[in-house]
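Subject: Structure handover, aromatic contacts

Hello,

Here is the structure for your files. Please open it before reading the notes under it.

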Amino acid sequence: MPLRLFARRRPVGIAAYNGFRNEEAMELTVRVLRQPPQPRADPSRPAKFLYMLRLYASHEVPGVRVRLRFGDLTAESVSDDEGFARFELRLPSSRPLPEHADWESCTLDMPDVEGAEPVEAAILAPGTDNRIAVISDIDDTIIETGAHRFTRNWRRLILQMPEDRKAVTGASDFYAELGGARPQGGTRRPFFYVSSSPWNLYGFLMRFIQLQKLPEGPMLLRDWSLSLKTLGKSSHGAHKRASIARILGFYPSLRFVLIGDDTQGDAEAYADAVSLYPGRVEAVLIRTTSTSAMSARKRAAVERIRASGVAVWIGDGFDVGQKMLETLRIDRTGDTARVIDPADEASKQAAEA
């Protein structure tokens, strides 16, 4: 029997994704789905494969009214053909940002679905003391996927659970340092994740981030479909450009460190962000996944970034995180220090000598 026929017997629920806000507005995306079975403890290989298959073969429920409560505010949205319900709320002046970056919460329910349980969604609120935030890719930047070499890594992609997956060398420690960890928990700097992975993998990726003790943050993923718009290399770059523009436009007072890898057009997308938003990108970090040299197109993108005066780091892992922070002059605890390209620092020292 097809998976979707089995899915019709499952209860309808809300998949709540992390949202974010500024002083004036809040944005949140949720999805109404038939709930997949939860994986059993220590699942067998066939059970892992079936679980991953169900993640990709999600059963969306359109036309469902979703109600949101955020403090004294209430809003409604209706799920579309892919199950998505989106909220864009204007906030009253009586709800300023907190002094330090923090997570707030809202409640979501489906008033027309009998027996449906309400769920909570987390909303990132950058602090008024924030000057620098981070936008990071996911695949092959923080999690080893080999997604660009599917024929060699297909077992990893379809048989491994979050507990089985391997983090990129040094990523957990470096991201904690870059985030400026606070004694009471969490990070000082806001983190955002932009990836071409499908929304179906949101829970999987969030579980991996939590297991690896990486900074949590809103994810801007993609809705995959069998169309030319979402298949192919060009769509990866287009999604990342649009997502970065959305974040930078939403936070005009923040500067950003962009972290990615040498696959799926990260360098090119980041070079475009540097050009389109002058003064808004503090540094670009690119992790290399191949022993072969960068393509001419990627090298040209890196040179565009450097020519704009933005610091660039390129390496095969983040295990040199502390040295990288010192070289790039990224302060771990304050946000007033500017990032200085190592080449510029060497030139300055030579001139002073």
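The notes below cover aromatic contacts.

This is a predicted model, in which local features need pLDDT of at least 70 and side-chain atom pairs count only at pLDDT 80 or more, while totals for chains, interfaces and linings use all residues. Residues are numbered from 1 along each chain as its sequence is written, and side-chain values use heavy atoms, with hydrogens and water left out.

A search of the whole structure gives 15 aromatic pairs. Rings of Phe, Tyr and Trp (its six-membered ring) pair if their centres lie within 6.5 Å; planes under 30 degrees apart are stacked, over 60 edge-to-face, and the rest tilted.

One of the pairs is Phe-20 with Phe-192, edge-to-face at 5.9 Å centre to centre and 85° between the planes. Phe-20 is in strand E2 (residues 19-21) and Phe-192 in strand E10 (residues 191-198), so this pair ties together parts 172 residues apart in sequence. Helices (H or I, at least four residues) and strands (E, at least two) are DSSP runs, numbered from the N terminus.

Phe-20 also pairs edge-to-face with Phe-250, with ring centres 5.1 Å apart and planes at 90°. Phe-250 belongs to helix H6 (residues 233-250), so its pair with Phe-20 ties together parts 230 residues apart in sequence.

Relative accessible area is 4% for Phe-20, 0% for Phe-192 and 9% for Phe-250. Phe-20 counts as buried, as do Phe-192 and Phe-250 (buried is under 20%, exposed over 50%, partly exposed in between; 1.4 Å probe, protein chains only).

Phe-20, Phe-192 and Phe-250 form one aromatic cluster with Tyr-251 and Phe-256.

Regards
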